[in-house]
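Dear colleague,

I am handing over the structure below, and my notes on it follow directly after. Please read them alongside the model.

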Amino acid sequence: MVIGHAGFKFQNWAETYGSQPELYFQPTSVEQVKEILDLARQRSKRVKVVGGGHSPSDIACTDDFMIHMNKMNKVLKVDKEKKQVTVEAGILLAELNEELRNYGLALSNLGAVSEVAAAGVIGTGTHNTGIHHGILSTQVVALTMITASGEILECSESTNADLFQAARLHLGALGVILTVTFQCVSAYYLQEIQFSSTLKEVLDNLDEHLQTSEYFRFLWFPHTENVYVLYQDPTDKPPSSSANWFLDYAIGYYLLEFLLWISTFLPRLVPWINKFFFWVLYKGRTERVDISYKVFNFECRFRQHVQDWAIPIDKTKEALLELKAWLDRNPKVVAHFPVEVRFAQGDNILLSPCFHRDSCYMNILMHRPYGKDVPFQQYWLEYETIMKKCGGRPHWAKAHTCTSKDFEVMYPGFQKFCSIRESLDPTGMFLNTYLEKVFY
Ligand SMILES: Cc1cc2nc3c(=O)[nH]c(=O)nc-3n(C[C@H](O)[C@H](O)[C@H](O)COP(=O)(O)OP(=O)(O)OC[C@H]3O[C@@H](n4cnc5c(N)ncnc54)[C@H](O)[C@@H]3O)c2cc1C
């Protein structure tokens, strides 16, 4: 029998949202998940599953029942011929990366961190970069879930295809995801080349950059023209690293946090800090080669507020230049960390920000040096205005002020997702405050 614990306090990774579920469960089997849902039905409780708890919003919060899937984290099946792996939904990608390596396999793309769960990462549409690569959900070829009624459903392109189109980006709203099958590729090494440039050069030659590197991204340092370009590409070269790249980063981290903290008292310093960091950390060219997941991931130590909208790729230049011009006209508003610009291929997943269009993701951050909040509302508001004007769709895991009215306009498949959700969960067992804003 599964036991729920009272008194558990949930906090997301950035410590920006939390909740105190009435009962907290860590099931070890499908039968136990079923028991929890039976109990929730009997007591009219809502249920929220948490993966790695990395979403920088309240999407995983609940005051009722919380299920943590960290004990359902096994690799169930590896099909070496098809290069497919089926895993329990709670496995962390960090665990999966290592397991896959033993089979000579790898995921074809990853976000910045792997301390996230298989079902969690697809639940919010996690993405990386690469114009010939979709968001991570596009790597899913099948999944199984248990619905509010206790029914177990399978879906893939050929079985329950409509459900599959919804469930690959499920928002935690359709049921408890039990297993996920990923299409993998042969294990590979990546060469990363980093070099400095200017905003004008990168925007003028965007197509060329996109075609030159399989996983191209760039960082723009607000209040400056400075840009840092990252090319990541498969290679046969042996592992190597530019002499003190990591050392620089580690030292840079402590110094940056201290300077950002100082700038909370003296915001005028921010443009200088941005210039200084570009010069210290990113000026010049560095190269390294490592196994793919170690290059995709980086050790993110900053707690932060973050927004990350996807806009049609042809709006990249317009949107960035408008944000830059607005910051130039409003020197009292400071943006103290690089804007990370990434790209993703269009797909057909109902709630994917890349639904039916190749997209540019524009990620803005405000760090919280030593946990201290920095004013960001004005910057956030203007950024959202520009993103909306450019036809943007917000990242589901990150901050945004959109409601169902916005999503109805943004997503051609929104109503279809809502119908599927309502038929699977008519009483709203899997809703929470975040999802009420999305659907009502
Ligand atoms: C440091 C850091 C770096 C990041 N880098 C990136 C990045 O590069 N690109 C990007 O796009 N995003 C990035 N993110 C966001 C992150 O990838 C997403 O928030 C992702 O969803 C987190 O996965 P998780 O396992 O922590 O999910 P959680 O936050 O725990 O949950 C996410 C959603 O999935 C649901 N869920 C989880 N498991 C299940 C299940 N078994 N069944 C049903 N529902 C479930 C939850 O209820 C919730 O709705 C980053 C976040 C952080 C903190």
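**Ligand surroundings**

The ligand is surrounded by 35 residues, the closest of which are V49, G52, S55, T124 and H395, where a residue is near a molecule or strand if one of its heavy atoms lies within 4 Å of it. Please bear in mind that this is a predicted model, in which local features need pLDDT of at least 70 and side-chain atom pairs count only at pLDDT 80 or more, while totals for chains, interfaces and linings use all residues. Residues are numbered from 1 along each chain as its sequence is written, and side-chain values use heavy atoms, with hydrogens and water left out.

A backbone N or O atom of H54 lies 2.7 Å from an oxygen atom of the ligand, and for a backbone N or O atom of A117 the distance to a ligand oxygen atom is 2.8 Å. G120 likewise places a backbone N or O atom 2.8 Å from an oxygen atom of the ligand.

Over residues 17–187 the chain is 22% helix and 27% strand, with the end C-alpha atoms 36 Å apart; helices (H or I, at least four residues) and strands (E, at least two) are DSSP runs, numbered from the N terminus.

V47 belongs to strand 4 (residues 47–50), and V47 counts as buried because its relative accessibility is 0%, the cut-off for buried being under 20% relative accessible area with a 1.4 Å probe and protein chains only. Leaving aside residues up to four places away in sequence, V47 touches L37, A40, F65, I67, M429 and F430, a contact being heavy atoms within 4.5 Å.

An open sheet of nine strands runs in the order 16-17-13-15-14-19-20-18-21, with antiparallel pairing, two strands being paired if DSSP finds at least two bridges between them. Its edge strands, each pairing on one side only, are strand 16 (240–241) and strand 21 (393–394). Strand 14 (residues 215–220) and strand 15 (residues 226–235) run antiparallel and are joined by six bridges, and W220 has V227 in strand 15 as its bridge partner. Helix 11 (residues 377–389) packs on the sheet and touches strand 18, strand 19 and strand 20.

Notes
Axes are lines fitted to C-alpha atoms, for helices over the stretch in contact, and angles run from 0 to 180 degrees between N-to-C directions. Buried means under 20% relative accessible area, exposed over 50%, partly exposed in between (1.4 Å probe, protein chains only). A polar contact is a pair of N or O atoms within 3.5 Å; within protein, one must be able to donate a hydrogen and the other to accept it, and residues adjacent in sequence count only if both atoms are side-chain atoms.
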